Structures are given as structure tokens and as C-alpha cells.
Amino acid sequence: METNEKILASESQALAPQRVQYYDIAIESGQGALLRDANGKEYIDLLASASSTNTGHAHPHIVEAISQQASKLIQYTPAYFANVPAAKLADRLCKLAPISGPVKLSWGNSGSDANDAIIKFARGYTGRQYLVSFTGAYHGSTYGSMSMSSCSLNMARKMGPMLPGVVKVPYPDAWAKLPGETEDDFVERMFAAFKLPFETYLPAEETAVILIEPIQGDGGITKAPQKFMEKVYQFAHENGILFAVDEINQGMGRTGKWWSIQNFPGIEPDLMSVGKSLASGLPLSAVIGRADIMDSLGSPANVYTTAGNPVTTAASLATLDVIEDEHLVERSARLGKVAQDFFAKEKEKYQFIGQVRMYGLDGGIDIVDPKTGAADRVATTKVIYRMFELGVLIISLKDNVLRFQPPLVITDEQLDQAFKIMDQAFSDLQEGKLSLPENAEKIGW
């Protein structure tokens, strides 16, 4: 019988150190919001494969769509010929995009290359070289998307020089606000930091695009203030700079809206990147944008042999069916309020719970030192490991943020059971019952 231990021991001989370490398990199967490891232990999934399985695991409609398409045609490169599911999906996605006027898209295989495509189309359309992104961002692991990211030094260490022309500005995250600072003063201070490069060394007239996660994912599940977004949006349009949003982690119903940018009334992107849950975790991505921008490059500027292949696009069509037919966007919004209420009550009980940020079924919960309010990595590792022991899969971000992103199909009963387990872990931490696992120094980002 294959066990977690045997599988991991075998894998370790062949796999480079690419995995962010948390728990020594090998996932064997899943259904809905439940997972089973190779030892047969079951877990409630509060990660949804890094928000790439918003429709849950092995959804019957999606499995059927994959199986039916695979029996007809698995692959023929869309670089040369159209295929039926990709053609249908392109039209459907463009109609869903929160972009006015004619809209077009270009296929990719991952969120990383979708953000690379934003770079390509922005430079191609504007004829400008400079690219602006934000600290704390995770945009991917290809050279272009990695150059635009800044949530881990290991995404730059030993690999320079990175893509030239990238300028990073501070993201107005939940931890940047000063004690006693008003929201308006915070926005003004962060917008001044945003403008500083443009006032000192970065010519606005040579800047192609500003790329932002409206709600940062791996940066800690934190939302930019509405007024800050409005100011950046206005600045971009006043200076002929394209405004692009990364919807890879936060799109597809995750925040209680189809797209996270829809949490910001009056703001509409010129370009957007989509991936992860687009095909329920199968390798498919897209950059979607205004037609005039998307027409600025000719083939093969952004063509990949397998991008938009029949099986992944069939899976995506089925994914859209499930989100619509099962009202998962609305479900995310409703259960997000339930989760917000739960964590607010936990915060009252446990002083080590700091900020709670919840946008639909999309939450960041800070674990802090009760005396200083500082991030507490040790306590965070103890508590997530205890949840794991009790049958809940959840991980941490930025040392001390619980990443709460369950599949949107999680049942009310499963969510309630997860909350009971989390409360037990919090209680055990409060009572000093928890110790660090042996591999604690390797756990987390």
C-alpha cells in the first residue's frame, strides 16, 4: 500500500525544492470541499488548491465535460486551427469581463504567462517600456511575471538580472496604516508614495501599464482602499497608461463578485489576467482586454502550443456552468458573512487574533503577539499545524496570516465543522497546549 511516507520518500529523490513546505502528506483524492490523503485521512479543505478549485474537487459536471471531450479530441494546437470548446469559451468569457466595449482575449497555460501577456500587449499597444507593479504582489513565476512580483526574495535571489523596466511602488495593505491615521490621510500618504517615482525618475509618458491585485492574495488577503484605487486609476488614464488587474487568485467568484475589481465601483480595467479556477485547476489562463489593445500584436507574439486546448476549455465551460447554475458567486458572498461573524467572535475570545479581513469566502486572519500586536510566526505555525492534526487544511501567508479560501461549494455543515475545529485549535493555543512540529523551521513562505 502506498502511504504518505513512501510517496514523499520516493518523490524526494527526484523533485527539486520547489514546494512551499507545510504538511507531509500526499493528496490521493477529493470530492467537493473534502480531501483524502494516501493514508486515508480526510480533511476539510480551506485552501481550494490556492484558490484554483473554486468549484471544489471532482465536480461531476466538470468531470463529465473533461471525459466527453477527451474521448473526442484531447489536443490539436490552437496555434493553427480553432477547436469548438475554445471558440465557445472565448465568446462567453469576453461577455463576462467587466470591460466596456469590444473585448477580446488571448489564451495561456498559467496565470504566470497571462501576466507576461499583459506586459506584451501593454508594451505593444502603447509603444512604451516601463511597467509598474506593487510590493506584496504575486503575479507568477515566469521571468516577466516574477519580475513584477515582490512577495518572496526567492523569486529574485540568484536569478538576476530580472526583466528591465519594472518599477515597484508600495501597496496600501492592511499593515501600512499608522496608529491613529485616518483613512483619507492613509490614502494620501500611500498615493504620494505611488507618485514619487513618477516625480523623480520614471517618465509617465514612457510607462505602459500599471498592474495591480485589487485584493492581494499571497500578499496576505488584503484590499486596497477604494479612494486609492480611484486615484491610481485616474492617474493612469490622465497619462495614457493602461490599467491592468490580476484576477488569477481573486477572480471566478472568490470574493462574492465574479471579479475582485467589481468590489471597486466605477473602476474598469483595460486588461485583466485570469487563471487558476478558470478551468477548475486545469492548465488554462487568459488575458482579456479592450479589443484595440488585444489587436495590437500579431501571431505568434503570444501563442502557446497547448494554450486553449479542447480539454481545458471544455472544463472551463463546465466550470462557468457550475458557478452560474449553483449560484456560487452569491454563495461566496453569503458564506463570507458567516465566516466574518465567526472570526469576529473568535477575535473577542482570543487576544492573539488581530485583523480579520473577509471578502466573500476569501479571508486573511492575522495571528499576533497579544502584548505587542506584532506578527507571531511561531503561534501561527502551531495553530495551523493543530488544525491539520484535527482534519482541516489551511496554510499561512506572510508568516502570520491564516489563508482562508475554501471551495465555494463547501456545505454549511462542512463550514460549521471547520469552525469547530478552528476554535479547538485556538483554544489549545490559548491554554499553552501546542508545540511546534519537528519541521517548523521549514513551514511557510
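A crossing of two helices is left-handed if the near helix is turned anticlockwise from the far one by less than a right angle, and right-handed if clockwise. The views below come from a predicted model, in which local features need pLDDT of at least 70, side-chain atom pairs count only at pLDDT 80 or more, and totals for chains, interfaces and linings use all residues. Residues are numbered from 1 along each chain as its sequence is written, and side-chain values use heavy atoms, without hydrogens and water.

**View 1. Packing of helices α12 and α13.** Helix α12 (residues 377–390) packs against helix α13 (residues 412–430) at an angle of about 135°, with the axes 9 Å apart. The crossing of the two helices is right-handed. Contacts (heavy atoms within 4.5 Å) join residues of α12, including Val383 and Met387, to residues of α13, among them Ile421 and Phe426.

**View 2. The aromatic pair of Tyr233 and Phe243.** Rings of Phe, Tyr and Trp (its six-membered ring) pair if their centres lie within 6.5 Å; planes under 30 degrees apart count as stacked, over 60 as edge-to-face and the rest as tilted. By this rule there are 24 aromatic pairs. Tyr233 and Phe243 form an edge-to-face pair, 5.2 Å centre to centre with 85° between the planes. Tyr233 belongs to helix α8 (residues 226–238) and Phe243 to strand β10 (residues 242–246).

**View 3. The aromatic pair of Phe343 and Phe404.** The ring centres of Phe343 and Phe404 are 5.4 Å apart and their planes stand at 80°, so this pair is edge-to-face. Phe343 lies in helix α11 (residues 328–349) and Phe404 in strand β17 (residues 401–404).

Terms used
Axes fitted to C-alpha atoms, helices over the stretch in contact; angles between N-to-C directions. Helix = DSSP H or I, 4+ residues; strand = E, 2+ residues; numbered from the N terminus.
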